[in-house]
Amino acid sequence: MRILLVEDDQVLGEGIKTALDREGYQTDWLKSGLQAKQALLTEEFELVILDLGLPDIDGIDILKGARKSGLDIPILILTARDTIEDKIAGLDTGADDYLIKPFELSELKARLRALCRRRHGHVEPIIEHGRITYNPASLEVTLDNQLIELSRRETTLFAEFLNNPNRVMSKAKLEDVVYGWDIEVESNSIEVHVHHLRKKLYTGIIKTIRGVGYKLESHEK
Ligand code: CA
């Protein structure tokens, strides 16, 4: 899952990015509000963590602009302004959740999981797909109740498939999800990850849609 983190504080931003990357999210981190506004117009994210106190523009303006342009992804706001009025203003402007600084990273992660569940219509914290289960909290994948060892990137990729069970995903979109902006990606890297997922789970789990991308096999059959 690709997350946009907008936070001008170096230490906090680094802490959040490291924690989320370790959790299997792909986090793209910007420190400027104007850059964030631009990125929201041109890039595809699934969730935004937005600091309200930015040096150039107010986070509330970014929130307003995003909702006005029809962006419907979950937005969690971070704020040091712990007055009730600010929280209400944020929620009324279209935020889905908020955290008051300072906060525990474990709480941020739990809130992100809850937002992600709601976003994808999962009620249960554990996602089931036929013979497979995935626990977003522990990042554990099982097949026929056996724990399967996946690398961090394989887990990120597989979670993306589970969250989009009926969609054909293009290679470019999957590269964004798994690598974000940070890394020069080898042209066949997604193929390699998919190959490993098929080997570790089962061959038919991910279908190749020729010339388009990949799709998770439906488990009704
Ligand atoms: Ca700030």
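Modeller: Contact here means heavy atoms within 4.5 Å. The model under discussion is predicted.

Biologist: Leaving aside neighbours within four places in sequence, which residues are in contact with I206?

Modeller: I206 belongs to the largest nonpolar core, where it is listed with those that have the most contacts inside the core. Once neighbours within four places in sequence are set aside, the contacts of I206 are F161, V194, L197, R198, Y214, K215 and L216.

Biologist: How many residues does the largest nonpolar core have, and which element gives the most to this core?

Modeller: The largest nonpolar core has 25 residues, and I132, L157, F158, F161, L201 and I205 are among those with the most contacts inside it. At least two residues each come from strand 7 (132-135), strand 8 (140-143), helix 6, helix 7 (171-179), helix 8 (189-200) and strand 12 (213-216). The most, 5 residues, is given by helix 6. Apart from this core lies another of 20 residues, including L30, A36, V48 and I57. 

Biologist: How much space lies in the largest cavity, and which element gives the largest share of its lining?

Modeller: The count of cavities of 30 Å³ or more is 1, and the largest holds about 200 Å³ of space. It is lined by 16 residues, of which Y25, C116, Y134, P136 and A159 are the closest to its centre. Two or more lining residues come from helix 5 (105-119) and from helix 6 (152-163). The largest share, 4 residues, is that of helix 6.

Biologist: By class, how many charged residues are in the lining of the largest pocket?

Modeller: The largest pocket has about 160 Å³ of space. Its lining has 13 residues, with E46, R119, H120, N164 and R167 the closest to its centre. By class, 4 are nonpolar and 4 polar, and the number of charged residues is 5.

Biologist: Which residues are the protein donors of the calcium ion, and is D51 buried or exposed?

Modeller: The donors lie 2.2 to 2.4 Å from the ion and are D8 (OD), D51 (OD) and G53 (O). In sequence the donor residues follow the spacing D-x42-D-x1-G. G53 has a relative accessible area of 38% and is partly exposed. D51, at 3% relative accessibility, is under the 20% cut-off, so D51 counts as buried.

Biologist: Against which elements do the buried residues of helix 7 pack?

Modeller: The buried residues of helix 7 are K173, L174, E175, V177, V178 and Y179. After helix 7 comes G180, with a positive phi near 60 degrees. The buried residues of the helix pack against strand 1 (2-6), strand 2 (26-30), helix 6, strand 10 (169-170), helix 8 and strand 12.

Biologist: Where is P102 found, and what is the omega of the peptide bond from K101 to P102?

Modeller: P102 sits in the loop between strand 5 (97-100) and helix 5. The peptide bond that joins K101 to P102 is cis, its omega being near -5 degrees.

Biologist: Is N145 buried or exposed?

Modeller: N145 lies in the loop between strand 8 and strand 9 (146-148). Its phi is positive, about 70 degrees, although N145 is not a glycine. The relative accessibility of N145 is 72%, over the 50% cut-off, so N145 counts as exposed.

Biologist: What is the relative accessible area of L139?

Modeller: L139 is in the loop between strand 7 and strand 8. Phi of L139 is positive, near 65 degrees, and the residue is other than glycine. L139 is partly exposed, and its relative accessible area is 24%.

Note on methods. Residues are numbered from 1 along each chain as its sequence is written. This is a predicted model: local features need pLDDT of at least 70, side-chain atom pairs count only at pLDDT 80 or more; totals for chains, interfaces and linings use all residues. Side-chain values use heavy atoms; hydrogens and water are left out. Donors are N, O and S atoms within 2.8 Å of the metal (3.2 Å for Na, K and Ca); water is not among the atoms, so sites may look incomplete. Buried means under 20% relative accessible area, exposed over 50%, partly exposed in between (1.4 Å probe, protein chains only). On a 1 Å grid over the protein atoms alone, a cavity is a set of points where a 1.4 Å probe fits but cannot get out, and a pocket is an open set with protein on both sides within 12 Å along at least five of seven lines; lining residues have an atom within 4 Å of a point. Grid points are joined across faces, edges and corners, and a volume is the space filled by probe spheres set on the points. A nonpolar core is a set of buried Ala, Val, Leu, Ile, Met, Phe, Trp, Tyr and Cys residues joined through side-chain atoms within 4.5 Å. Ala, Val, Leu, Ile, Met, Phe, Trp, Tyr, Cys and Pro count as nonpolar, Asp, Glu, Lys and Arg as charged, and the others, Gly among them, as polar.
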